[in-house]
Number of protein chains: 2
Amino acid sequence: MFSLPQLEAFVAVAEELHFGAAAERLNMTQPPLSRQIQMLEKKLGTQLFGRTSRKVELTAAGATLLPRARQILDMCIKTDLDVRRVSSGEAGAITVGYTAIAGQSALPVMLRRAAEGMPGVSFVLRELVSTDQMDGLVKGSVDIGLLRPIVARPGVVSRPLMQDRLVVALPEGSSLLGNMAAPKGEPLPLGSLDRLPLLMYSTKEARYFHDLVLRLFASAGAHANITQYASQVPALLAFVQAGLGVTLVPASAMAFAPAGVEFHEIDGRHGIQELNRVDLELAWNEETANPAVLRLLRLIETF
Amino acid sequence: MFSLPQLEAFVAVAEELHFGAAAERLNMTQPPLSRQIQMLEKKLGTQLFGRTSRKVELTAAGATLLPRARQILDMCIKTDLDVRRVSSGEAGAITVGYTAIAGQSALPVMLRRAAEGMPGVSFVLRELVSTDQMDGLVKGSVDIGLLRPIVARPGVVSRPLMQDRLVVALPEGSSLLGNMAAPKGEPLPLGSLDRLPLLMYSTKEARYFHDLVLRLFASAGAHANITQYASQVPALLAFVQAGLGVTLVPASAMAFAPAGVEFHEIDGRHGIQELNRVDLELAWNEETANPAVLRLLRLIETF
DNA sequence: ACTCAACAATTCAGTAAAGGTATGAATGTT
DNA sequence: AACATTCATACCTTTACTGAATTGTTGAGT
């Protein structure tokens with residue numbers, strides 16, 4: 001196969017149609033340039049120039065090679081630049097894992113600011129539960145995770161990003177609460193949910209919420225009568241909408257609740273207020289080699 | 001700038017993710033391969049692989065480089081093949097110069113056979129009068145000429161391709177001939193055209209026809225009463241159609257005559273038959289370096 | 001905790017390739 | 001006919017690549 005310096009030499013001679021002038025342009029002397037062209041011709045098995053001691057002209061094969069040689073050289077230069085830009089973090093791609101709820105709250109904010117502060121960097125979005133994000137962060141298939149504070153795997157570090165609280169979700173106008181019903185929008189003590197059919201987070205994919213709900217119920221002295229498990233907030237809200245029971249969801253999930261669900265703050269007395277705290281964390285692999293990720297982390301520090 | 005062997009080395013390592021295996025695939029030993037990758041990384045100013053003694057993985061910069069490196073290498077291979085194909089005449093382009101009349105007779109035949117016999121070769125068509133074709137053949141801007149037997153310039157050689165004859169073109173139903181009129185389609189002695197308004201080929205661009213017409217008139221003892229000059233047959237026929245006079249055109253031009261023009265063979269007695277001969281030649285530059293042209297010439301020899 | 005196996009990096013010597021200088025050969029020009 | 005121009009060749013020096021042997025490091029197994 002020919003070499004890139006040979007292609008450069010060829011293009012220079014083809015444009016100048018003069019070995020001496022081409023050699024000068026290439027910052028070399030004429031004899032080695034002649035030899036390079038001869039080598040190239042030998043490798044391609046054909047004459048590229050018709051040359052006498054008075055005139056140099058392209059052959060048909062040379063005319064075929066010229067535009068292609070230019071294209072190859074251009075692509076090499078562009079590739080060089082692209083790799084440098086990616087390695088400096090100026091360009092690149094970041095895969096973001098996020099929970100369904102973060103997709104409605106923290107993610108859009110982060111993307112908006114990143115689009116301003118780091119143009120040229122593109123984002124690949126993957127909605128994943130926290131544990132799957134953690135796996136992805138270890139394997140490298142996820143660069144940045146927006147997830148719940150679950151136990152971190154080795155090499156993955158995180159920092160708090162947002163706090164939220166749980167609110168009660170009820171079927172609208174339901175009689176589930178009986179005489180303990182509260183006017184729409186009023187805070188509700190968790191005791192009102194005692195023994196009511198509770199739509200619960202699954203222990204595996206949504207252990208963080210599962211444990212938090214149980215802690216809140218225990219703290220309020222209420223019994224959790226779990227009738228159904230689901231791992232995603234939208235699925236739980238769909239059950240509520242169907243009148244199958246009540247559940248607790250992050251306040252930010254109210255924004256995408258279906259019709260037919262009403263929400264109540266949780267009455268914060270008796271120490272419930274301190275327990276009712278949902279954290280969202282930003283997590284990344286400590287050893288990430290993606291410069292765009294490092295740049296994004298620095299950018300996030302500023303807000 | 002990086003080199004092609006470095007890109008090959010990079011692609012091999014990126015695909016194998018193992019220096020030893022990649023080295024084997026490249027038919028080399030592992031140490032120089034490691035050095036090639038190091039050189040490439042140095043030239044690009046960034047790590048392309050994250051490597052420990054147990055594991056090799058692509059960095060973001062490496063992942064950016066991989067598809068581009070493949071593309072560059074593919075393009076090099078394709079370029080190599082294309083140049084070889086052009087140099088063998090298997091592919092390529094041939095610029096054909098042709099006169100307006102040849103464009104209706106010899107050219108379509110030649111193109112049809114060439115398309116069968118030399119697929120992969122494309123043709124660039126340029127309608128030119130014979131003298132311009134001759135210039136083009138010398139300069140190299142025309143590879144093959146379909147032209148009249150004019151005086152050849154040095155380096156240009158030719159061979160007869162087709163013979164034709166001149167026929168008389170008259171305005172249909174004209175009274176120009178007076179009592180010498182012949183029934184449509186009947187041969188006409190040139191004497192009938194004595195002193196009639198004659199639409200003539202220009203001396204410069206169509207000297208061959210100009211001289212031939214004058215020879216025919218002289219041989220028939222008729223006086224050529226030239227009233228108009230033109231260099232192209234279609235222009236002369238338009239004048240005839242307008243009733244401005246008579247002219248002589250190659251018989252093959254009858255195929256694209258406008259309505260309102262009638263044709264008569266020239267009466268061949270008194271030695272006119274031998275003079276009335278229009279040659280079309282195939283001409284090319286003896287030193288052409290275009291392999292496709294050489295192949296076409298060989299192909300033409302066969303029919 | 002120690003040894004072993006795997007694997008990339010380093011060292012060193014030999015060789016192939018690229019560049020430079022001087023010169024030759026061919027072809028128009030004065 | 002002498003000269004200028006220009007590409008090709010010969011020869012030498014420097015650079016860069018290659019392979020063999022070796023080292024260093026890191027998981028895995030006992």
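I take contact to mean heavy atoms within 4.5 Å. The model I am reading is predicted.

**Entry 1: Q133(A)**

I looked up Q133(A) first. I find Q133(A) in helix α6 of chain A, which spans residues 130–139. Is Q133(A) buried or exposed? Its relative accessibility is 0%, so I log Q133(A) as buried, the cut-off being under 20%.

Next I listed its surroundings, leaving aside neighbours within four places in sequence. Q133(A) is in contact with G97(A), Y98(A) and T99(A), and also with L128(A), V142(A), G145(A), L146(A) and L147(A). For L146(A) I also noted a polar pair. A polar atom of the Q133(A) side chain lies 2.9 Å from the backbone nitrogen of L146(A).

**Entry 2: DNA strand D**

By class, I get six nonpolar, ten polar and five charged residues.

Which elements supply at least two residues each? I find α2 (19–25) and α3 (30–44) of chain A, plus α3 (30–44) of chain B. The largest share, five residues, comes from α3(A).

**Entry 3: phosphate contacts**

I checked which part of DNA strand D faces the protein.

R51(A) places a polar side-chain atom 2.4 Å from one. F19(A) has a backbone N or O atom 3.2 Å from a phosphate oxygen. In chain B, a backbone N or O atom of T29(B) lies 3.4 Å from a phosphate oxygen.

Conventions
Residues are numbered from 1 along each chain as its sequence is written. Chains are lettered from A and ligands numbered from 1 in the order in which they are written. This is a predicted model: local features need pLDDT of at least 70, side-chain atom pairs count only at pLDDT 80 or more; totals for chains, interfaces and linings use all residues. Side-chain values use heavy atoms; hydrogens and water are left out. Helices (H or I, at least four residues) and strands (E, at least two) are DSSP runs, numbered from the N terminus. Buried means under 20% relative accessible area, exposed over 50%, partly exposed in between (1.4 Å probe, protein chains only). A polar contact is a pair of N or O atoms within 3.5 Å; within protein, one must be able to donate a hydrogen and the other to accept it, and residues adjacent in sequence count only if both atoms are side-chain atoms. Ala, Val, Leu, Ile, Met, Phe, Trp, Tyr, Cys and Pro count as nonpolar, Asp, Glu, Lys and Arg as charged, and the others, Gly among them, as polar.
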